[in-house]
Amino acid sequence: MKNRIVNMKDRIIMIAGIVTAGVLVTVAAAGSRSSAAGILDDGAAFRTAADIAGDEYHYFDSEAVALSNASSEDSSLRNEALEAANIINEMREEAGMDSLDWDLNLEQCADVRAEEAADVFSHTRPDGKPWNSVNSDIQGGENLAFGFYDAQSVVDAWVDSPTHYDNMMYDEFTKGSIAVYEDDDGVWTWSHQFGY
């Protein structure tokens, strides 16, 4: 796992003991939310269409979907999620790629994962299952972030991380939906789910 820890005050990033300056993104280790803001950069949140088609087991966590309470319940959070999706689609279009279609089923997965990541900041769900077990038939990629309070800042953080950027710009993804969950302390956790 690649961990990046950023001192936001001094705008310095430490990457496995190497210090570089000028980047505003933080990446927290799985489960850690000690920083003011962060993204999870462990490279584990990507599956090809062939991976999905070849799955022996298929997961759909209908209970988690029914109980999720992220941005689809709050219009201001959902508006930020939609704005982030628009920014990402503009980037894709500028690169000559098709936009990602907003998918309501992926939005439900994003709702679940945003709320779960607020408790356990990891691509592993709190029950120990992989991130894609909300609905393994449609989840092809996941980006997570916390502590960003507007669409542009979270997209900028994802752009600055190679694995997150790769998910956003992967030309075989055709769908994408984002959810934002606000916890009791007012911290926003973002989940971007990608699909084929």
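A residue counts as buried when its relative accessible area is under 20%, as exposed when that area is over 50%, and as partly exposed in between, with a 1.4 Å probe and protein chains only. At 16% relative accessibility, Asp 183 is therefore buried. The model is predicted: local features need pLDDT of at least 70, side-chain atom pairs count only at pLDDT 80 or more, and totals for chains, interfaces and linings use all residues. Residues are numbered from 1 along each chain as its sequence is written, and side-chain values use heavy atoms, with hydrogens and water left out.

The protein chain holds six helices and seven strands. Both kinds of element are DSSP runs numbered from the N terminus: helices are H or I with at least four residues, strands are E with at least two. From the N terminus, the order is β-β-β-β-α-α-α-α-β-α-α-β-β. The chain has 196 residues, and 46% of them are buried. A contact means heavy atoms within 4.5 Å. Among contacts with a separation of 6 or more, 68% are between residues 24 or more positions apart. The accessible surface comes to about 9,200 Å², and carbon and sulfur atoms make up 48% of it. These areas come from the Shrake-Rupley method with a 1.4 Å probe; for residues, only the protein chains shown count as cover.

Strand S7 was examined next. Eight of its eight residues are buried, so S7 is largely enclosed by the rest of the structure. In a regular strand, side chains alternate between the two faces of the sheet. Both faces of S7 are covered. Trp 188, Trp 190, His 192 and Phe 194 are buried on one side, and Thr 189, Ser 191, Gln 193 and Gly 195 on the other.

S7 pairs with strands S5 and S6. Two strands pair if DSSP finds at least two bridges between them. Six bridges join S5 to S7, and these two strands run antiparallel. S6 and S7 also run antiparallel, joined by eight bridges. Val 180 has Trp 190 of S7 as its bridge partner. The hairpin of S6 and S7 has five residues between the strands. Within this hairpin, Gly 186 takes a positive phi near 85°. Asp 183 lies in the loop between S6 and S7. A polar atom of the Asp 183 side chain lies 2.9 Å from the backbone nitrogen of Val 187.

Gln 193 lies in S7, which covers residues 188–195. At 0% relative accessibility, Gln 193 is buried. Glu 142 stands opposite Gln 193. The side chains of Gln 193 and Glu 142 are also joined by a polar contact of 2.8 Å. A polar contact is a pair of N or O atoms within 3.5 Å; within protein, one must be able to donate a hydrogen and the other to accept it, and residues adjacent in sequence count only if both atoms are side-chain atoms. A polar contact of 2.9 Å joins the side chains of Gln 193 and Ser 191. Beyond its neighbours within four places in sequence, Gln 193 has contacts that include Leu 106, Cys 109, Ala 110 and Arg 113.

Helix H4 has 16 residues, 104–119. The expected span of a helix is 1.5 Å times one less than its number of residues. Asp 103 caps the N-terminal end of H4, with a side-chain oxygen 3.0 Å from the backbone nitrogen of Asn 105. Buried residues of H4 include Leu 106, Cys 109, Ala 110 and Arg 113. The buried residues of H4 pack against helices H2 and H3 and strands S5, S6 and S7.

Nine aromatic pairs were found in the whole structure. Rings of Phe, Tyr and Trp (its six-membered ring) pair if their centres lie within 6.5 Å; planes under 30 degrees apart count as stacked, over 60 as edge-to-face and the rest as tilted. Phe 46 and Tyr 170 form an edge-to-face pair, 4.9 Å centre to centre with 85° between the planes. Phe 46 and Tyr 170 are 124 residues apart. Phe 46 is partly exposed, with a relative accessible area of 34%. Phe 46 also forms an edge-to-face pair with Phe 173, at 5.8 Å and 65°. Phe 46 lies in the loop between S4 and H1 and Phe 173 in the loop between H6 and S6, so this pair ties together parts 127 residues apart in sequence. Phe 173 is buried, with a relative accessible area of 1%. Phe 46, Tyr 170, Phe 173, Phe 194 and Tyr 196 form one aromatic cluster.
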